[in-house]
Amino acid sequence: MRPAVEAKGVTRVFRGTGQDSVRALDNVSVAIRENEFFTLLGPSGCGKTTLLRLIAGFDFPTDGEILLYGQDIAPLPPFKRPVNTVFQSYALFPHMTVADNIGFGLKMLGRPKAEIEARVDAMLKLVHMQELKNRRTSQISGGQQQRVALARALAPQPKVLLLDEPLSALDYKLRKEMQIELKRLQHETGITFIFVTHDQEEALTMSDRIAVMSSGNILQVGTPWDVYDHPAERFVADFIGETNFLTGTVENAGNGQAQVALRSGAKIRAIAAVDFRAGSNATLMVRPEHAKLVKGRGDLGGIIENIVYFGTDTHIHVRLDEGDVFMVRQQNSRSAGCGFENGTRVGISIGDDAAQLLKD
Amino acid sequence: MATAKEIADKAERDDIRSRWLLSAPALLIVFLAALGPLLIVVVYSFLTPGNYGDVKWQFSTDAWVSVLFERDVFDDTLSLATAYLSIFWRSVSLSLATTVLTLILGFPTAYFIATRPDHRRDIWLFLITIPFWTNLLIRTFAMQEVLRNDGIINSALKLLGITDHPVQLMYTNFAVLAGMVYVFLPLMVLPLYASMEKIDFRLVEAGYDLYATRFEVLRRIIIPLVTPGIVAGSILVFIPSLGAYVTPRVLGGGTNLMIGNLIELQFGQGRNWPLGASLSITLMAIVMVALLFYVRNTTRSDGAHG
């Protein structure tokens, strides 16, 4: 199947004053499928917004091609691209009503008045905003503005919808609601969504696929499950979710498995996606929910330093004999506490498939 | 013991009193510096001119009558005076033309400055305000240097062989207009810039994103958002140009009087202070009526967008 959007070797260099120029995107290639909820995830400054702006047409690549259904759109101005954007700050027109905002795109496309009205009404219904049709955009709440921004971008039925951190201005509860809402809208409209965020939780819960970006490069593209459980490298593992890292020496490796010796002498079996040579240094990752605290001896040993209660679960920080802090996440039950106390010695047991070797 | 209501009432009374006290100096200045002189002008307009300027304390409506009418020397009948009316008309039309031209020139200028990077805007604004450092009279004489028969424009035209006779530019309405546009342009650019600077340029991007061409973005997004600046700039240019006095005097000569010159004439050589006073009040009335219409129309059309 032909991808909806494809970036081929896209580079964007921002020339600064004098010598310093910033390589916001460095030879990035990615293919985004039709009807997909695709997320560009990364810390600020990783180039995710730059890539989005290149697709929208607000900015032009220094090098490379951007294809929309196989057609090179790089030379087209934004008003000639069948792509719409939901802006981070919503960018609603303050001098227009909610309805005029939503109808703006269709009006500019020269659609007949009756069609615009019908479409605006349908959009208002889609985002549950019928009652606020004639309000000014300054008279509605942040969550409502968000919905109007969505309706406005969806009204012209774009082939691809670009969303630039649209939820970052909302409070936690509203954000959760809008995540589900966005997912529903994407299902109902069948439009390809390209979503930019720095919030890994948002990316995991909403996306069909995620591209993890760092300093102008895409490090890994995969399903939420892929990037969480099989991170390609240390940055991805560190950025998505909470992770314990342990360093050690590979004792033997093969068949996607490896045995690693830690400084304290503890030996841990780990999954190794790529081949590691015996004797080389390596980093191990273990997710906090994949390790278990035990009263006796485990794979690792240490002293409990801190117990943090989170409602649904408890985070227990253990100072390992190696000197590092290792975090274990334990599901809470209603009747009992976590069963451990600060300052006591515990063991940590790590399941067979819980540890993974990473390249740095 | 005081009830909660009494305490709240007392707090409110104190609050009102301190507000009056704090605004007292400003109110005093408004009364002394604005309303006082205005009152004197109104009173003078109903008096009789003295022999060597000044006024005689004798009630008369002659000044007001002669603003609009002229008394026939022989049979004392009144007929509509066209001399002053034509000067009023010229002043209003020249001021309107000045306002429109400064808007046309100032809008792109302000837009240019507002879209520069932050640190460079200050330099541009600084350049815009440089003419203010020089005396108005000197700037006007500089304009004369450009426009006069062997001035810059005519020399250039002759050098290029376009004309062999100098084109008469000085002492025309064109010269007055050119001078006023030059003098008042910064007064248009600065308020326009102030409201353009506040525009969130993501709105412009949103416009482009929603299929609006450059022209549509200008018409439907930028201009409506800059309306307060357009109103402020137009008022700031229109009012002083209606009362302009140096520029028409120097560049328009004796034949292209504006209201300002006419009023000055009454207080100077004319020695008819009551007439000068009534002309001043007429000018004020025109300005006020024009402003009321203008402000009401622009704010209403702004409301109609929504």
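How many of the 306 residues of chain B count as buried? The share is 28%, where a residue is buried if 20 or more other C-beta atoms lie within 10 Å of its own, exposed if 12 or fewer, and partly exposed in between, with C-beta atoms placed from the backbone.

Before you go on, note that this is a predicted model, in which local features need pLDDT of at least 70, side-chain atom pairs count only at pLDDT 80 or more, and totals for chains, interfaces and linings use all residues. Residues are numbered from 1 along each chain as its sequence is written, and chains are lettered from A and ligands numbered from 1 in the order in which they are written.

**Stop 1: chain B as a whole**

Select chain B and turn it around. Its C-alpha trace spans about 80 × 75 × 35 Å along the principal axes. The radius of gyration is 25 Å, whereas a compact globule of 306 residues would have one near 19 Å; the radius is taken over C-alpha atoms, and the globule rule is 2.2 Å times the number of residues to the power 0.38.

Switch to cartoon and you will find 12 helices and four strands in chain B. Helices (H or I, at least four residues) and strands (E, at least two) are DSSP runs, numbered from the N terminus. Among contacts in chain B between residues at least 6 apart in sequence, 66% join residues at least 24 apart. Two residues are in contact if their C-beta atoms, placed from the backbone, lie within 7 Å.

**Stop 2: the two domains of chain B**

Now colour residues 4–78 of chain B as domain 1 and 82–304 as domain 2; these bounds come from an automatic or database domain assignment. The C-alpha centres of the two domains of chain B are separated by 29 Å. Where they meet, domain 1 of chain B contributes 16 residues and domain 2 of chain B contributes 12. On the domain 1 side, helix H1 (4–44), strand S1 (48–49) and helix H2 (62–68) of chain B each give two or more residues. H2(B) has the largest share of that side, with four residues. By class, the domain 1 side has 10 nonpolar, five polar and one charged residues. Here Ala, Val, Leu, Ile, Met, Phe, Trp, Tyr, Cys and Pro count as nonpolar, Asp, Glu, Lys and Arg as charged, and the others, Gly among them, as polar.

**Stop 3: where chain B meets chain A**

Bring chain A back into view. Here 17 residues of chain B are in contact with 20 residues of chain A. On the chain B side, select helix H8 (201–209) and helix H9 (214–242), each of which supplies at least two residues. H8(B) gives the most to this side, with six residues. The chain B side holds nine nonpolar, three polar and five charged residues.

**Stop 4: the sheet in chain A**

Chain A is also divided in two, with domain 1 at 5–236 and domain 2 at 242–358. Their C-alpha centres lie 38 Å apart.

Look for the open sheet of six strands in chain A, with mixed pairing and the order S6-S7-S8-S3-S9-S10. Two strands pair if DSSP finds at least two bridges between them. At the edges are strand S6 (83–86) and strand S10 (217–222) of chain A, each pairing on one side only. From one strand to the next, the twist averages 20 degrees.

Zoom in on strand S3 (residues 37–41) and strand S8 (residues 192–197) of chain A, a parallel pair with five bridges. In this pair, Thr39(A) stands opposite Phe195(A). Next, show helix H4 (residues 142–154) of chain A, which packs on the sheet and touches S6 and strand S7 (160–164) of chain A. The direction of H4(A) makes about 175 degrees with that of S6(A); axes are lines fitted to C-alpha atoms, for helices over the stretch in contact, and angles run from 0 to 180 degrees between N-to-C directions.

**Stop 5: strand S13 and its partners**

Select strand S13 (residues 267–272) of chain A. Its covered face carries Ile268(A), Ala270(A) and Ala272(A), while Lys267(A), Arg269(A) and Ile271(A) are on the uncovered one. Strand S12 (residues 257–262) of chain A runs antiparallel to S13(A), joined by five bridges, and Ala258(A) stands opposite Ala270(A). In the hairpin of S12(A) and S13(A), four residues lie between the strands, and Gly265(A) takes a positive phi near 100 degrees.

S13(A) also runs parallel to strand S20 (residues 355–358) of chain A, through two bridges. There, Ile271(A) has Gln356(A) as its bridge partner.

**Last stop: Thr249(A)**

Finish in strand S11 (residues 244–254) of chain A, where you will find Thr249(A). Is Thr249(A) buried or partly exposed? Thr249(A) is partly exposed, because 14 other C-beta atoms lie within 10 Å. Leaving out residues up to four places away in sequence, Thr249(A) touches Val260(A), Ala261(A), Gly279(A) and Asn281(A).
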